[in-house]
Amino acid sequence: MVHAAAGSGQLSGEEDHILARKAAGGDVDAFTKLVGRHERRVRAFLSRLCRGEGGDDLAQETFLKAWRMAGSWRGEGSYEGWLLRIAWRLFLSDRRGRRDEAPLAEGDTGAAAADVDAAIDVNRALARLPARERAAALLCLGEGWSHGEAADILGLPLGTLKSVVARARAELVRQLEGHAA
Amino acid sequence: MTDDIDLRLKALLAAPERAPDAAFTARVAQAVLAEARMRAAARAAWTRFAAEMAATASAILAFVLLARTAPPADSAAYIPLFGPAAAGLLLLALWVAVSVRPSGARF
């Protein structure tokens, strides 16, 4: 487990494993604890993927699906990675249901883009990225998942994931440097 | 410089720190409980349906077999009560099969 943002590391992972095993046996209380431990990151991930629209609904659906599939969790990797994999698949499925998501037009950044804060610029740049690059940037650049873990979450070959992250990083850096200039 | 940019990106892209959202957790827990109840009800309904179908099939089969049973050879002095009695017993068995089922099966 390379993921640096998993709370208190090893102990947290072991607690997740114990709770997940109980949840697989039908223990609703154990599953509720898992929801409490992971909702922040799952919701933040989906909220930014969905660009703020329907992220919470998808997050709830993610946890419900995790409950239904609790018995199929094999304990390989982190529980949060498993949740994010479900979230990513649900996001893709939701997006297919709504046809293609509309790309943000350049004008959506607003006329006064030069005056806004760097965070807003980066978030707007993030919102303009294709969904796969957005997800890869959030996981690898924001949350500290390793390339291997992110590739597993997003269902991509490792090489593809690395180039997706590199493209996303280049675009975000361009925004940051443009803001600084 | 690269490290500095990566640190800035990390700070900008990481999920914002905040306390756990108890309302969201409670909403998910309620949905999970509702789904668990629905699953139990659906399982019970299928169990009841299967038991009723099995009982019905048994009764039909029994009546078919009874209808094919030949009467005794000395039929002059014989009062043929065997058929109705058997049918009654089978109806009783049917009632038992349908009524005696797992306690969670009723809605």
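Author: Helices here are DSSP runs of H or I with at least four residues, numbered from the N terminus. The model is predicted.

Reader: What pattern does chain A follow when read along the sequence?

Author: The secondary structure of chain A includes zero strands. Its helices number eight. Read from one end of the sequence to the other, the pattern of chain A is α-α-α-α-α-α-α-α.

Reader: Which helix gives the largest share of the side of domain 1 of chain A that touches domain 2 of chain A?

Author: The domain assignment of chain A puts residues 1-102 in domain 1 and 108-181 in domain 2. Between them, 16 residues of domain 1 are in contact with 14 residues of domain 2. On the domain 1 side, α2 (28-49) and α4 (79-97) of chain A each supply at least two residues. The largest share, five residues, comes from α4(A).

Reader: At roughly what angle do the axes of α2(A) and α4(A) cross?

Author: Two packed helices are described by the angle and the distance between their axes. For α2(A) and α4(A), the crossing is right-handed, and the axes come within 10 Å. The angle at which these axes cross is roughly 35°.

Reader: How many nonpolar residues are in the contact of α2(A) with α4(A)?

Author: From α2(A), the residues include Leu34(A), Val42(A) and Phe45(A), and those they meet in α4(A) include Leu83(A), Leu84(A) and Phe91(A). His38(A) and Arg41(A) of α2(A) also take part, as does Glu80(A) of α4(A). By class, the contact has one polar residue, two charged ones, and a nonpolar count of 10.

Reader: Which residue just after α7(A) takes a positive phi?

Author: Helix α7 of chain A covers residues 147-154, and its buried residues are Glu149(A), Ala150(A), Ala151(A), Ile153(A) and Leu154(A). Just after this helix, a positive phi of about 65° is taken by Gly155(A).

Reader: Which helix gives the most to the side of chain B that touches chain A?

Author: The contact takes 23 residues from chain A and 22 from chain B. On the chain B side, α1 (2-13) and α2 (22-68) each supply at least two residues. By class, that side has 15 nonpolar, one polar and six charged residues. With 10 residues, the helix that gives the most is α2(B).

Conventions
Residues are numbered from 1 along each chain as its sequence is written. Chains are lettered from A and ligands numbered from 1 in the order in which they are written. This is a predicted model: local features need pLDDT of at least 70, side-chain atom pairs count only at pLDDT 80 or more; totals for chains, interfaces and linings use all residues. Two residues are in contact if their C-beta atoms, placed from the backbone, lie within 7 Å. Ala, Val, Leu, Ile, Met, Phe, Trp, Tyr, Cys and Pro count as nonpolar, Asp, Glu, Lys and Arg as charged, and the others, Gly among them, as polar. Domain bounds come from an automatic or database domain assignment. A residue is buried if 20 or more other C-beta atoms lie within 10 Å of its own, exposed if 12 or fewer, and partly exposed in between; C-beta atoms are placed from the backbone. Axes are lines fitted to C-alpha atoms, for helices over the stretch in contact, and angles run from 0 to 180 degrees between N-to-C directions. A crossing is left-handed if the near helix is turned anticlockwise from the far one by less than a right angle, and right-handed if clockwise.
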